[in-house]
Amino acid sequence: MRYHPHVMADSPSADAAFKTFEHEGWEKVALPYREAFSSLTCQAIPPLLGAVGAAAGVRLLDVACGPGDAAAAATKRGAQATGVDFANAMVEQASRLYPGSAFRVGDAEALPFPEAAFDAVVINFGVLHFADPDGALAEAHRVLRPGGRLAFTAWAPPEKAVGFAIVLEAIERHGRLDVPVPEGPPFFRFGDPDESRRALSLAGFADARVRELPLRWRLPTSDSLLDAFLEGGVRTRGILRAQTPAALAAVRESVRSAAQRHAHSGGVELAMPALMSTAERG
Ligand SMILES: C[S@@+](CC[C@H](N)C(=O)[O-])C[C@H]1O[C@@H](n2cnc3c(N)ncnc32)[C@H](O)[C@@H]1O
């Protein structure tokens, strides 16, 4: 499991194993993911749509659209929005929730669209799940018209995103992080603004900018935090499910008591800042 920022899977077969693992995971968790995470990830949608100028007539692609919330919000602004995701279960959910937007199955690393087909591309918390994020940025560049804009979000590192800090520290203390889960690219790579700007410029983008979004996660109980990752995540879910029952029970207790320190209005509220990176296709 690679939560460490500077380690990467370094062979095509490692990439393939990770991609299969992610794909199978997202097919399983489409519904619980939305229940657990959408109230949080949806907070990033207005800044994302603002950054790419989503407005009437704009052809917008929502890559790794999941339940389709960003594409649907773009449609509401009058954009011609299409969502694409490699998980059938996500595309089915998005089509059911938002019949007014177009959704299709497709791989962010080999987008099923011609060159310059879009004016705007958004990726809300998708890049950290790709086996080849640089390939996906190159694909976003290919499908954008010259002058079109890309905006994507990724989590700030655990020192700032408290929900991750609580869960990862509990696993480190009471369980094991080195469990047999396929290695993928570093989860918090795009939580580093310099690294984001570097990746965008390598993919051919100009005018790369990064800013922090102060997202907050409101959860109904102190147990909801672990449950969110256990039911609705993929990498962390894999790690949690690989713990022994005793270790998992200890992790749960530790997460519960750490989350209780953030009690707020009958539930829990955690700082979960994200970094939004934006750039233009030159
Ligand atoms: C954390 S969810 C984000 C979903 C949505 N954008 C949101 O903000 O709620 C990550 C999504 O990325 C999708 N995904 C991961 N790898 C992908 C790939 N290579 N191509 C397309 N979608 C991918 C998953 O199926 C999942 O729906």
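How many Å separate an oxygen atom of the ligand from an N or O atom in the side chain of Thr41? The distance is 3.4 Å. This is a predicted model: local features need pLDDT of at least 70, side-chain atom pairs count only at pLDDT 80 or more, and totals for chains, interfaces and linings use all residues. Residues are numbered from 1 along each chain as its sequence is written, and side-chain values use heavy atoms, with hydrogens and water left out.

**View 1. Residues around the ligand.** A ligand nitrogen lies 2.9 Å from a polar backbone atom of Asn124. For Phe86, a polar backbone atom is 3.2 Å from a ligand nitrogen.

**View 2. The open sheet.** Seven strands line up in the order β3-β2-β1-β4-β5-β10-β6, with mixed pairing. Strands are DSSP runs of E, at least two residues; helices are runs of H or I, at least four; both are numbered from the N terminus. Two strands pair if DSSP finds at least two bridges between them. At the edges sit β3 (102–105) and β6 (205–213), each pairing on one side only. Strand β2 (residues 80–85) runs parallel to β3, over four bridges. Gly83 has Phe103 as its bridge partner in β3.

**View 3. Pro112 in its loop.** Pro112 is found between β3 and β4. Is this residue buried or partly exposed? Pro112 is partly exposed, because its relative accessible area is 28%. Buried means under 20%, exposed over 50%, partly exposed in between (1.4 Å probe, protein chains only). Beyond its neighbours within four places in sequence, Pro112 is in contact with Val84, Arg104, Val105 and Gly106. Contact means heavy atoms within 4.5 Å. Val84 is 28 residues apart from Pro112 along the chain, yet their C-alpha atoms are separated by 8.9 Å.

View 4. The largest nonpolar core has 96 residues. Such a core joins buried Ala, Val, Leu, Ile, Met, Phe, Trp, Tyr and Cys residues through side-chain atoms within 4.5 Å. Leu150, Trp155, Trp217 and Leu225 have the most contacts inside it. Leu225 is also one of the buried residues of α8. In that helix (residues 224–232), seven of nine residues are buried.

Methods
A polar contact is a pair of N or O atoms within 3.5 Å; within protein, one must be able to donate a hydrogen and the other to accept it, and residues adjacent in sequence count only if both atoms are side-chain atoms.
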